[in-house]
Amino acid sequence: MSETAAVMRAARPNFLILAPLCAGSGVALAWQQEASPALLDTLLVLIGALLAHAAVNLLNEYEDFVSGLDLITCRTPFSGGSGALPEVPAAARRVLLAALGTLGLVVAIGVYFLWLRGLPMLVLGAAGVVLVLTYTRWITRSPIICLLAPGLGFGPVMILGSLIALGARIDVTGLTISLISLLLTSELLLINQIPDAEADRQVGRRHLVITLGQPAAGRLVGVLLSGSYGVLGAAILADWLPLWTAIALAPTPAALWISLKLPAAVADPRQLNTFLGLNVAVLLATLALLICGLSL
């Protein structure tokens, strides 16, 4: 594998769909509010979200390689990193440069929207950059912050930031969608930490899988996942979300199955991989259906 291919693999392209789906919720809501954003601005919002996700992946891959974590992690298709740098160690510097360059493009897009929309963009934009730069090295040492940081980045920062960037207003619908995305993304990162717990502990990380243990973390995954659908259903009943967003409840049976069965499966790698894959499908389907519901 060439160094260029290693850099591309380190960005984890298979998982980059999450960011456009989260930002896409903000875009769909902006159109529902009849903000009628410019096509260029809409594209920049989606591209910026994609680049931000790629930047945090690249930086995570570089720092996990430098710390030695990549050399002791048992990878799954959904956790443990891409494995690109252990295969091509010479690509480490290129991965770091790609991370910084990608983040630079995100900042450039943010500066454009700061010029266009004013200071409200600064708070959310700065928060997003801080999360990207600090997640692997510092945030993973604090259990509660480590749980919330991914959800904050892909929820309030990305969705509310999209609304501001597109000239839309932050209302109860936007806040509700942000909360749903926060819960879904935080549980995604939590469940993906379960197979990595022992390797993470050896390099000094201290997330909730390590502090609570795998079965308790599995139960917390169920609470967060079920809670996201509870918020969605309650918001529809309260008329905070359009009725059409009820189609996003379609994956609820699979989500409940994960919530009930996961704690007993955490010690079995084969069963756990099944849950990891199904969880990704449930999350992506929910976000995609939420966008469809907002758009109808």
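Me: How many helices and strands does the secondary structure of the protein chain come to?

Reply: Helices (H or I, at least four residues) and strands (E, at least two) are DSSP runs, numbered from the N terminus. Here the protein chain has 13 helices and zero strands. Along the sequence, the pattern reads α-α-α-α-α-α-α-α-α-α-α-α-α. This is a predicted model: local features need pLDDT of at least 70, side-chain atom pairs count only at pLDDT 80 or more, and totals for chains, interfaces and linings use all residues. Residues are numbered from 1 along each chain as its sequence is written, and side-chain values use heavy atoms, with hydrogens and water left out.

Me: How do I read the packing of two helices?

Reply: Two packed helices are described by the angle between their axes and the distance between the axes. Axes are lines fitted to C-alpha atoms, for helices over the stretch in contact, and angles run from 0 to 180 degrees between N-to-C directions. Take α6 (residues 120-134) and α7 (residues 143-165): their axes come within 10 Å and cross at roughly 150°. The two are therefore roughly antiparallel (an angle over 145 degrees).

Me: Which residues in α6 and α7 meet?

Reply: Contact means heavy atoms within 4.5 Å. From α6 come Pro120, Met121, Leu124, Ala127, Gly128 and Leu131. They meet α7 residues including Ala149, Leu152, Pro156, Leu160 and Ile164. By class, this contact has 12 nonpolar, three polar and no charged residues. Nonpolar covers Ala, Val, Leu, Ile, Met, Phe, Trp, Tyr, Cys and Pro; charged covers Asp, Glu, Lys and Arg; the others, Gly among them, are polar.

Me: Is Arg12 buried or exposed?

Reply: Buried means under 20% relative accessible area, exposed over 50%, partly exposed in between (1.4 Å probe, protein chains only). Arg12 is buried, at 17%. Arg12 sits in the loop between α1 (3-10) and α2 (18-32). Its phi is near 55°, a positive value in a residue other than glycine.

Me: Where does Asp239 lie?

Reply: In the loop between α11 (214-237) and α12 (252-265). Phi of Asp239 is near 65°, again positive in a residue other than glycine. Asp239 is exposed, with a relative accessible area of 65%.

Methods:
Parallel < 35°, antiparallel > 145°, perpendicular 65-115°, else oblique.
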